[in-house]
Amino acid sequence: MSVDRTLARCSFCGQRPPEVRRMVAGPGAAYICDVCLELCQEILQDPTSFSSKALELASRPPVVIAAPQALAQSQATLANREPLRTVTLELEQKQQEQTLMLHQLQLYEKHFELHYLWIRPPFTEGFAFVPRILFLLTDNNGNRWAGDRGGMLFERSELSSDPRQAIYQGYARFSPPLPANTHHLTLRATDPLSSFADEPLQPWQFEFEF
Ligand SMILES: [Zn+2]
């Protein structure tokens with residue numbers, strides 16, 4: 001069976017070949033980019049066993065990559081990335097220092113995705129937890145979804161000129177897909193780490209029709 005390298009992503013940071021200088025292919029669908037290799041070199045040279053760099057690397061969310069597959073199948077996978085329908089939401093709520101902006105709901109055949117921006121004080125360097133927003137969705141028929149682990153979060157530092165604010169762009173995946181008769185959704189969202197703050201955030205709550 002041939003391995004389709006066009007779906008290559010660094011297994012450590014999720015970057016694709018055009019975004020990196022060099023990509024080293026490992027067995028199956030494992031890859032590592034030049035930046036992550038350099039980071040590993042630095043970790044090897046650091047005598048402390050749990051240095052902040054090693055912790056940061058170990059705490060990254062898993063990179064979800066397509067398993068090696070035949071080319072025809074992988075082209076079908078790429079075609080599936082086009083949503084069947086996109087619902088524009090453009091809703092935002094601010095709580096204390098944090099703003100959650102819901103951008104789009106993208107409906108696919110077997111799942112749906114919520115795309116959002118999370119504006120908040122920046123995470124400190126060497127942050128040892130996986131930052132994440134947890135979502136709970138309920139529709140007008142009482143169906144419930146919790147976001148699964150397929151989502152991603154990216155830092156978009158170029159969008160913010162204020163050093164006290166960072167902008168993170170993310171999406172959460174939900175399955176099974178929304179039933180055809182869903183027309184109202186209640187969405188609750190929470191930053192689980194904020195529950196450790198001195199003034200814990202209340203969950204965000206959004207209601208929308210579509
Ligand atoms: Zn990498």
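Me: In which loop does Pro-176 lie?
Reply: The model is a predicted one, in which local features need pLDDT of at least 70, side-chain atom pairs count only at pLDDT 80 or more, and totals for chains, interfaces and linings use all residues. Residues are numbered from 1 along each chain as its sequence is written. Strands are DSSP runs of E with at least two residues, numbered from the N terminus. The peptide bond from Ser-175 to Pro-176 is cis, with omega near 0°, and Pro-176 lies in the loop between β9 (166-174) and β10 (184-190).

Me: Is Glu-90 buried or exposed?
Reply: Glu-90 is found in strand β3 (residues 85-95) and has a positive phi of about 50° although it is not a glycine. A residue is buried if 20 or more other C-beta atoms, placed from the backbone, lie within 10 Å of its own, exposed if 12 or fewer, and partly exposed in between. Because Glu-90 has 8 other C-beta atoms within 10 Å, it is classed as exposed.

Me: Which residue takes a positive phi in the hairpin of β3 and β4?
Reply: Strands pair if DSSP finds at least two bridges between them; β3 and β4 pair in the antiparallel sense over nine bridges. In β4, Met-101 is the bridge partner of Glu-92. The hairpin has two residues between the strands, and the positive phi, near 45°, belongs to Gln-96.

Me: How many other C-beta atoms lie within 10 Å of Gln-96?
Reply: Gln-96 is found in the loop between β3 and β4 (98-107). Its class is partly exposed, because the count of other C-beta atoms within 10 Å is 13.

Me: Which residue in β5 stands opposite Leu-107?
Reply: β4 and β5 run antiparallel and are joined by eight bridges. A hairpin of four residues connects β4 to β5. Opposite Leu-107, the residue in β5 is Phe-112.

Me: With which residues is Leu-114 in contact, leaving aside its neighbours within four places in sequence?
Reply: Contact requires C-beta atoms, placed from the backbone, to lie within 7 Å. With those neighbours left aside, the partners of Leu-114 are Leu-102, Leu-105, Phe-135, Tyr-171 and Ala-172.

How values were computed. Contact = placed C-beta atoms within 7 Å.
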